[in-house]
Amino acid sequence: MISLSKIGNYVNATRYHTFTLSIFPAIAGLLLSKPSLTGLELSAFCSMLTCILVVHAAANLCNTYFDFTDKVDTKEHSSDPTLVNNLLHENEVLNAAWIAFAFSMMFFGSGVVLSGQANFIPYLLFFKGMFVAFNYSGGFKFKHVCLGEITVYWIFGPTIALFVFSCMMKGAYSWLVVFVASPLGLLAASVLLANNIRDAGNDMKVGVRTIPNQLGIKKALNLYSLLLMMPYLQITGLALLYSHTYLLLIWLVSPLSAYFAIYPHKQAVTDGISALFERSLSHYHLFGSVYLILLYCCSLA
């Protein structure tokens with residue numbers, strides 16, 4: 001029988017604190033579909049959201065496994081202590097990832113039945129998500145060849161939002177969903193970039209090519225600043241194009257973004273590079289929450 005402490009180790013290995021990177025674009029896709037939220041629609045959304053979170057958990061478990069087997073995570077430096085501290089065996093983590101992938105297909109199937117759609121687009125997006133979840137750190141190893149940020153942008157922005165929108169709208173596709181979810185994708189990429197800036201020295205030692213260790217920390221911090229400010233320009237464009245002035249209220253969050261964007265070098269020196277990741281995730285939560293509230297207000301207009 002599995003002990004409670006071991007169950008806790010499995011839960012921690014999923015890195016559930018990053019699940020908001022999936023939840024926010026999923027809610028954005030739901031709001032854009034303007035559902036009536038009948039019992040059937042709500043059940044379909046819950047199935048799709050669970051599917052997304054289980055794939056996200058599988059991706060994190062794969063990342064933990066492959067970072068350990070590729071010697072990226074060691075006792076001296078690791079982003080997840082699960083394997084380096086022998087909290088779980090490496091095969092247990094990998095098996096948990098396979099189980100998560102299997103459950104994601106079950107939830108996807110139930111969501112398809114509940115939504116009543118038969119279009120190929122949700123299937124395409126779902127299997128694309130599973131492919132990326134494994135190959136981000138295993139297989140093609142996207143994170144090892146400077147493709148981590150672009151992958152995170154596309155998955156945790158347009159892909160998830162479009163997946164939910166398409167499922168709720170019986171296979172429909174809209175470029176508006178891509179544009180609306182793009183700011184969330186950019187900020188998700190900034191969170192990963194902050195993580196890679198923190199790990200740049202160790203990644204270089206083990207041969208993992210990331211943007212910070214290829215461009216240098218200074219240029220990577222400049223890119224980080226750009227990723228923080230671009231969402232405001234995109235949302236302003238959307239507000240003007242679709243006459244949704246509510247969206248302009250997102251600028252209320254801009255002082256915090258400006259603090260990170262204008263003084264990243266100072267932050268890195270005074271607070272340590274590691275603080276940049278935690279603050280980036282907190283910034284994502286604040287920006288994303290305000291953005292979703294504004295999208296909801298626009299959906300009522």
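I started with the largest pocket, which holds about 920 Å³ of space. The model is predicted, so I note that these are computed values.

Next I looked up the lining. I found 50 residues around the largest pocket. The closest to its centre are His-56, Asn-60, Tyr-136, Val-152 and Phe-156.

Which helices supply at least two residues each to this lining? I listed helix 2 (20-32), helix 3 (39-69), helix 6 (121-135) and helix 7 (148-168) among them. Helix 8 (175-198), helix 9 (200-205) and helix 14 (273-300) also belong on that list. Helix 3 gives the largest share, eight residues.

I then sorted the lining of the largest pocket by class. It has 24 nonpolar, 17 polar and nine charged residues.

I moved on to the second largest pocket. I noted a volume of about 250 Å³. Its lining has 13 residues. Leu-32, Lys-34, Leu-176, His-244 and Cys-298 are the closest to the centre of this pocket.

Where does this second lining come from? Helix 2, helix 8 and helix 14 each supply at least two of its residues. I wrote down helix 14 as the one that gives the most, with three residues.

Definitions and conventions:
Residues are numbered from 1 along each chain as its sequence is written. This is a predicted model: local features need pLDDT of at least 70, side-chain atom pairs count only at pLDDT 80 or more; totals for chains, interfaces and linings use all residues. Side-chain values use heavy atoms; hydrogens and water are left out. On a 1 Å grid over the protein atoms alone, a cavity is a set of points where a 1.4 Å probe fits but cannot get out, and a pocket is an open set with protein on both sides within 12 Å along at least five of seven lines; lining residues have an atom within 4 Å of a point. Grid points are joined across faces, edges and corners, and a volume is the space filled by probe spheres set on the points. Helices (H or I, at least four residues) and strands (E, at least two) are DSSP runs, numbered from the N terminus. Ala, Val, Leu, Ile, Met, Phe, Trp, Tyr, Cys and Pro count as nonpolar, Asp, Glu, Lys and Arg as charged, and the others, Gly among them, as polar.
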